[in-house]
Amino acid sequence: MAPLDKHNSLKHLPGVDHLLDLAKKDDRFIGIPRSVILDALRKTLDHIRQDILADIETSTDHDTILLAANILAKEKVRPRLVPVINATGVVLHTNLGRSLLCEDALNNIRTIAQSYSNLELKIETGKRGIRYEAVDDLICELTGAQSAIVVNNNAGAVLLALNTIAKDRQVVVSRGELVEIGGSFRVPDVMTKSGCILKEVGTTNRTHLRDYADAVSDSTGLFLKVHASNYKIEGFTASVDLKDLVLLGKDKNIPVMEDLGSGTLIDFSKYGLPLEPTIADSVRTGADIITFSGDKLLGGPQAGIIVGQKKTIDLIKKNPLTRALRIDKLTLAALESTLKLYRDEDTAIQKIPTLRMLTIPFKDICKKSDVLFKIIKEALGDLADIEVAHLNSRPGGGSFPELNLATQCITIKPKNISVSKLEMRMRLSTPSIIGRIEDNKYIIDPRTIQDGQETVISSTLAKILVKK
Ligand SMILES: *Cc1c(COP(=O)(O)O)cnc(C)c1O
């Protein structure tokens with residue numbers, strides 16, 4: 001375009017105020033705030049100006065501009081946090097939000113959120129109360145601990161406990177337990193941030209009680225055991241039992257802390273899963289302080305729970321960091337309702353989604369899978385090879401490392417598009433459906449699929465495969 005023509009095109013671009021007036025009368029913009037429309041119009045006009053200057057063919061008519069601005073504006077108001085369908089079979093999927101809350105927790109969140117509450121008020125005396133007292137007693141009742149406090153998450157709990165107990169002192173940890181948990185939680189880094197000095201002992205695969213004993217000096221402040229959440233060392237290995245570390249701690253007058261990561265209140269071995277020590281086991285063994293997450297095996301909201309000796313918990317309560325890491329009232333409401341269900345284990349298993357999905361009997365998974373298979377087969381006909389396959393689900397969330405849970409999946413091999421394209425299209429549909437690929441087949445694991453999602457899955461599959 002000649003410079004003069006460019007100048008003319010730019011001059012004749014409609015004004016933003018005029019476009020805004022048009023947009024106000026345009027149904028496509030209903031419900032979109034004025035500021036968002038204005039911003040979208042400006043961005044669209046900017047684009048067009050740049051295209052004109054770069055000699056890229058572009059349209060300057062009002063309708064094209066409004067359409068482009070409408071797409072931008074809608075993108076801006078679209079919710080970012082949206083539900084997705086978890087067809088991966090990974091029950092505690094950190095990227096997908098870990099635990100689903102039980103009905104009781106959801107109801108209680110609503111009750112507490114829409115009303116004033118006694119969050120920090122003692123109703124009996126009219127005096128100021130302490131927020132986490134709502135669940136302290138309950139946690140002690142369920143774990144046998146002397147005292148408890150809840151904070152924002154377990155990373156915070158570990159930071160707070162280390163900072164309170166062993167600031168400026170050495171914390172002795174086995175080299176086999178210097179773990180990294182997804183999302184950049186690394187034990188050595190948290191140690192530094194809490195003001196403690198890491199004292200590594202043993203080797204990656206073997207650490208003995210004498211390694212801890214030999215490391216003790218005047219500046220030792222704590223023995224720390226970290227649950228190897230997301231990995232397992234196999235072969236020529238040795239680690240020190242909590243029980244022996246507690247005895248050594250008593251002997252040397254050094255407190256012992258255990259970061260359980262994904263702590264559990266029930267014994268999963270009764271349901272065919274491997275034996276994981278429960279929080280009550282650790283309390284009974286005599287650890288001074290134990291920390292764990294609220295939204296892993298517990299199946300509640302994101303929280304960090306610290307239990308242990310009253311004198312240590314009292315010190316933690318006085319640490320100014322506690323205020324920075326405090327739990328909010330909605331989480332507290334959800335946590336109280338979830339924990340209450342644990343008073344009766346059968347009720348907990350039935351009502352807490354994480355527990356239900358982890359303990360669902362194999363024959364029930366097969367039933368669920370057979371139903372899903374039928375629905376999908378009906379929707380897809382000959383568009384894909386559809387089969388059921390006996391595969392494994394992973395618990396996830398740093399619980400039961402390396403455990404495979406037997407499951408029956410649906411495998412889909414589309415005839416007209418690639419498996420990776422199917423995976424992508426399922427992920428990009430609304431609602432997003434997250435499956436996995438194995439052996440060049442698209443895998444749907446019924447373990448984590450919720451009631452009512454079956455037909456959404458089958459109709460989305462059909463839409464994708466019919467359209468190609
Ligand atoms: C998951 C985990 C954490 C972090 O807990 P969040 O609740 O995610 O903050 C810390 N330590 C261990 C051993 C874990 O498994």
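Reply: Let me begin with a term: a residue is buried when its relative accessible area is under 20%, exposed when it is over 50%, and partly exposed in between, using a 1.4 Å probe and protein chains only. By that rule, 48% of the 468 residues of the protein count as buried. This is a predicted model, in which local features need pLDDT of at least 70 and side-chain atom pairs count only at pLDDT 80 or more, while totals for chains, interfaces and linings use all residues. Residues are numbered from 1 along each chain as its sequence is written, and side-chain values use heavy atoms, with hydrogens and water left out.

Me: How many helices and strands are there in the protein?
Reply: The protein has 19 helices and 15 strands, where helices (H or I, at least four residues) and strands (E, at least two) are DSSP runs numbered from the N terminus. Its C-alpha trace spans about 90 × 55 × 50 Å along the principal axes.

Me: OK, helix H6. Which of its residues are buried?
Reply: The buried residues of H6 are Val135, Asp136, Leu138, Ile139, Cys140, Leu142 and Thr143. They pack against strands S2 (147-151) and S10 (304-308) and against helices H11 (279-285), H12 (310-318) and H14, with contact meaning heavy atoms within 4.5 Å. Just after H6, Gly144 takes a positive phi of about 80°.

Me: At what angle do the axes of H6 and H14 cross?
Reply: The axes of H6 (residues 133-143) and H14 (residues 329-341) cross at roughly 30° and come within 10 Å. That makes the two helices, H6 and H14, roughly parallel, since angles under 35 degrees count as roughly parallel, over 145 as roughly antiparallel, 65 to 115 as roughly perpendicular and the rest as oblique. The axes are lines fitted to C-alpha atoms, for helices over the stretch in contact, and the angles run from 0 to 180 degrees between N-to-C directions.

Me: And which residues of H6 and H14 meet?
Reply: From H6, Ala134, Val135, Leu138, Ile139 and Leu142 meet Leu332, Leu335, Glu336, Leu339 and Lys340 of H14. By class, this contact of H6 with H14 has eight nonpolar, no polar and two charged residues.

Me: Lys340 is in that list; why does it count as partly exposed?
Reply: Lys340 counts as partly exposed because its relative accessibility is 39%.

Me: Switching to H17 and H19, how far apart are their axes?
Reply: Helices H17 (residues 362-380) and H19 (residues 454-467) pack with their axes 9 Å apart, at an angle of about 30°. That makes H17 roughly parallel to H19. The contact is made by Leu372, Ile375, Ile376, Ala379 and Leu380 of H17 together with Glu454, Ile457, Ser458, Leu461, Ala462 and Leu465 of H19.

Me: What about the loops, where is Pro431?
Reply: Pro431 lies in the loop between helix H18 (419-428) and strand S13 (432-434), and a cis peptide bond with omega of about -5° joins Thr430 and Pro431.

Me: And Asp439, is that buried or exposed?
Reply: Asp439 counts as exposed, because its relative accessibility is 72%. This residue sits in the loop between strands S14 (436-438) and S15 (441-444), and Asp439 has a positive phi of about 50° although it is not a glycine.

Note on methods:
Ala, Val, Leu, Ile, Met, Phe, Trp, Tyr, Cys and Pro count as nonpolar, Asp, Glu, Lys and Arg as charged, and the others, Gly among them, as polar.
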